[in-house]
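Here is a short report on a protein model. Look over the sequence and the fold, then read on.

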Amino acid sequence: MGAWGHGNTENDTAQDMLADLSDDYFRRITDTLQSENGHEYDEYAHDELFVLCEVLSAMHERGLVNSSPEPDEIRPLFGPFTERWAAYHRSAGNEPPEGRRSVMENTFERLIQIAESACQGSFAHRIGLITDKMSKVDPNES
């Protein structure tokens with residue numbers, strides 16, 4: 001195991017675990033965005049989608065999202081999802097609440113920003129720091 005600091009996530013295993021979590025959350029989000037009923041606001045999957053977005057957002061604020069799909073893979077899913085959500089409201093005889101639409105769109109935009117940040121290589125940057133530190137150390141020095 002490689003470690004480059006004393007922090008809880010400053011080692012290879014922790015970074016692998018964070019990548020697994022990030023990948024799992026993004027996979028579950030994209031699955032729901034494409035699912036048959038994920039847009040139905042009275043379904044569990046709908047709530048889980050937005051909770052997972054909030055969890056990723058909280059992880060991102062702490063620098064803990066180190067893996068994601070390419071932003072261009074998930075961006076095209078938001079419009080169709082939002083349209084299905086609006087149609088579902090209309091089918092129940094209601095106009096979709098604009099306040100909720102705005103919150104959803106802001107959440108999706110934040111998710112894109114998180115994916116962009118992860119794809120720019122926060123983990124790769126850490127690896128670079130490790131490589132920089134390792135290349136400056138002479139193994140023969142005591």
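## Surface and basis

Accessible areas come from the Shrake-Rupley method with a 1.4 Å probe; for residues, only the protein chains shown count as cover. The protein chain exposes about 8,600 Å². Carbon and sulfur atoms supply 50% of that area.

The model is predicted: local features need pLDDT of at least 70, side-chain atom pairs count only at pLDDT 80 or more, and totals for chains, interfaces and linings use all residues. Residues are numbered from 1 along each chain as its sequence is written, and side-chain values use heavy atoms, without hydrogens and water.

## Overall fold

The protein chain has five helices and zero strands. Helices (H or I, at least four residues) and strands (E, at least two) are DSSP runs, numbered from the N terminus. Of the 142 residues, 37% are buried. Buried means under 20% relative accessible area, exposed over 50%, and partly exposed in between (1.4 Å probe, protein chains only).

Contact means heavy atoms within 4.5 Å. Among contacts between residues at least 6 apart in sequence, 70% join residues at least 24 apart.

## Helix 4

Helix 4 covers residues 98–119. Its buried residues include Arg101, Met104, Phe108 and Leu111.

## Glutamine 34

Glutamine 34 lies in helix 1 (residues 12–34). It is exposed, with a relative accessible area of 53%. Glutamine 34 touches Leu77 and Arg84, not counting residues up to four places away in sequence. Glutamine 34 and leucine 77 are 43 residues apart in sequence and 6.9 Å apart in space, C-alpha to C-alpha.

Methods:
The expected span of a helix is 1.5 Å times one less than its number of residues.
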